[in-house]
Amino acid sequence: MGLVFSSPQQAADAVGSDLGCSDWLRIDQARIDTFADATGDHQWIHTDPEKARDGPFGGTVAHGYLTFSLINNFLPDLFRAEGMKMGVNYGADRVRFPAPVPVGSRVRAAGTLLKADVLEGNALQSTVRVTMELEGSDKPGCVADIVGRYYF
């Protein structure tokens with residue numbers, strides 16, 4: 001279940017903690033196509049299964065930014081503030097895409113709490129390293145240091 005905290009200090013006390021893993025999520029072509037429509041990125045390696053069969057990955061692959069965007073889906077499984085007034089995405093310090101995510105594959109998020117700074121006004125700024133694991137692969141589909149702010 002990751003880390004559930006109800007104050008900035010509780011999170012600060014947990015810096016360095018392994019936050020565990022989320023459940024697996026299958027990446028299907030419909031999700032890839034929907035992301036392509038939302039972003040306007042219809043490159044054939046993502047959206048043309050027939051052409052992609054003969055391409056470098058042997059089939060279509062998820063957009064790197066699709067894999068990155070799924071972090072928001074998984075983050076509450078890893079790191080969650082209870083009783084907060086508001087939480088906001090503050091950014092990402094580092095994002096990498098070490099391996100392609102083929103259509104039909106499954107991904108999940110694993111997390112580590114890198115930083116948790118208590119801010120004025122009973123707030124927290126956290127940095128969680130999220131590794132989007134790719135089932136059956138030694139390399140992840142994405143690794144990102146996600147910065148969030150939580151106001152209590």
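Arg106 comes out as partly exposed, at a relative accessible area of 24% (buried means under 20% relative accessible area, exposed over 50%, and partly exposed in between, with a 1.4 Å probe and protein chains only). The model is a predicted one, in which local features need pLDDT of at least 70 and side-chain atom pairs count only at pLDDT 80 or more, while totals for chains, interfaces and linings use all residues. Residues are numbered from 1 along each chain as its sequence is written, and side-chain values use heavy atoms, with hydrogens and water left out.

Arg106 pairs up with Glu135 in a salt bridge, with 2.9 Å between the closest N and O atoms (a salt bridge being a side-chain nitrogen of Lys or Arg within 4 Å of a carboxyl oxygen of Asp or Glu). Since Arg106 sits in strand E6 (residues 106–119) and Glu135 in the loop between strand E7 (123–134) and strand E8 (142–151), this pair ties together parts that are 29 residues apart in sequence. Strands here (E, at least two residues), like helices (H or I, at least four), are DSSP runs numbered from the N terminus. Glu135 is partly exposed as well, with a relative accessible area of 40%.

Strands E6 and E7 also get a link of their own. Glu133 forms a salt bridge with Arg108, the closest N and O atoms lying 2.7 Å apart. With Glu133 in strand E7 and Arg108 in strand E6, the pair ties together parts that are 25 residues apart in sequence. Both ends are partly exposed: Glu133 has a relative accessibility of 24%, and Arg108 has a relative accessible area of 23%.

Another salt bridge joins Glu82 to Arg80, and here the closest N and O atoms are 3.2 Å apart. Glu82 is partly exposed at 41% relative accessible area, and Arg80 falls into the partly exposed class at 28%. In total, the structure holds 4 salt bridges, among them the Arg106–Glu135, Glu133–Arg108 and Glu82–Arg80 pairs.

Turning to the cysteines, a search of the whole structure turns up 0 disulfides (a disulfide being a pair of cysteine sulfur atoms within 2.5 Å). For Cys21, the closest cysteine sulfur is that of Cys142, 15 Å away, which is too far for a bond. Seen from the other end, Cys142 likewise has its closest cysteine sulfur in Cys21, at 15 Å, again too far.
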